[in-house]
Amino acid sequence: NDQALLRFDTFSTLFPLILIVDGERTHFESIAQGLEKQDFRVMGAEDGQEALYCAGLTKPDLILLDIMPPSMDGVELCRQLKARNATRDIQVIFMIEADEADKLPAGFEAGGVDYVFKPLRVEDVAVRINLRLKLRGMRIEVEGHNADSLKYRQTPAGRMEACNIELCDEVTGRKRAEADLRKRDLYYREIFHHISDSICLL
């Protein structure tokens with residue numbers, strides 16, 4: 001798309017790629033320059049249609065989305081991003097003016113994960129971005145671990161290990177039950193002994 005504001009090196013994968021959706025070119029340039037100094041790669045879209053095209057093509061790590069971009073409401077754009085398989089996992093942070101805060105509940109319901117107030121402080125935005133990317137990385141790691149564990153449990157070795165664990169649990173449970181019975185038996189024996197002593201004294 002000729003109108004897309006691209007700052008994207010297709011051969012560079014070392015740094016996170018951020019898509020900024022903002023119809024104000026001056027504002028976009030300011031944010032882009034600041035984030036590039038923070039070691040982010042930056043690309044941009046001026047409206048919702050360009051954003052959908054760029055996001056589907058380049059799969060950015062995160063989207064900074066003006067909640068009121070030209071031609072499409074930011075909440076609706078977020079909803080469409082989340083409805084598409086290619087873009088549903090991309091995290092969205094809304095950029096809002098103070099008087100647009102009433103749109104945030106709908107934005108979160110549509111799939112947004114955070115927000116920043118305009119005018120933006122690049123340092124604050126970078127912190128929010130890094131936090132969200134770190135959380136996403138942790139989630140992916142956990143999901144990968146769970147998937148690997150499930151695959152292992154479905155193998156013969158995994159099923160055997162599960163049976164061994166179940167057997168050990170059963171043995172442990174029986175030992176506890178037997179120990180409880182012995183304690184209870186000892187308790188009643190002591191009571192019976194005291195009762196017998198009392199009868200003898202009478």
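**Close-up 1. The salt bridge between aspartate 114 and arginine 128.** At 9% relative accessibility, aspartate 114 counts as buried, a term that stands for under 20% relative accessible area, with exposed meaning over 50% and partly exposed in between (1.4 Å probe, protein chains only). The side chain of aspartate 114 meets that of arginine 128 in a salt bridge, with 2.9 Å from N to O; a salt bridge is defined here as a side-chain nitrogen of Lys or Arg within 4 Å of a carboxyl oxygen of Asp or Glu. This pair links distant parts of the chain, 14 residues apart, since aspartate 114 belongs to strand 5 (residues 114-117) and arginine 128 to helix 5 (residues 122-153). Helices (H or I, at least four residues) and strands (E, at least two) are DSSP runs, numbered from the N terminus. Arginine 128, with a relative accessibility of 31%, is partly exposed. The model is a predicted one, in which local features need pLDDT of at least 70 and side-chain atom pairs count only at pLDDT 80 or more, whereas totals for chains, interfaces and linings use all residues. Residues are numbered from 1 along each chain as its sequence is written, and side-chain values use heavy atoms, with hydrogens and water left out.

**Close-up 2. The buried side of helix 3.** Within helix 3 (residues 74-83), the residues Gly74, Val75, Leu77, Cys78 and Leu81 are buried. They lie on the same side of helix 3 because they cover an arc of only 160° around the axis, the arc being that of the directions from the helix axis to the C-beta atoms. Among the elements that cover these buried residues are strand 1 (17-21), helix 2 (48-58), strand 3 (62-66), strand 4 (91-96) and helix 4 (104-110), where contact means heavy atoms within 4.5 Å.

Close-up 3. Aspartate 73 caps the N-terminal end of helix 3, with a side-chain oxygen 2.8 Å from the backbone nitrogen of valine 75. Glutamate 76 and arginine 79, both in helix 3, are three residues apart, about one turn of the helix, and their side chains meet in a salt bridge (2.9 Å, N to O). Glutamate 76 is partly exposed at 29% relative accessibility, as is arginine 79 at 41%.

**Close-up 4. Further salt bridges.** The structure holds seven salt bridges. One of them joins arginine 121 to aspartate 124, whose closest N and O atoms are 2.8 Å apart.

Conventions. Polar contact = N/O pair within 3.5 Å; in protein donor to acceptor, adjacent residues only side chain to side chain.
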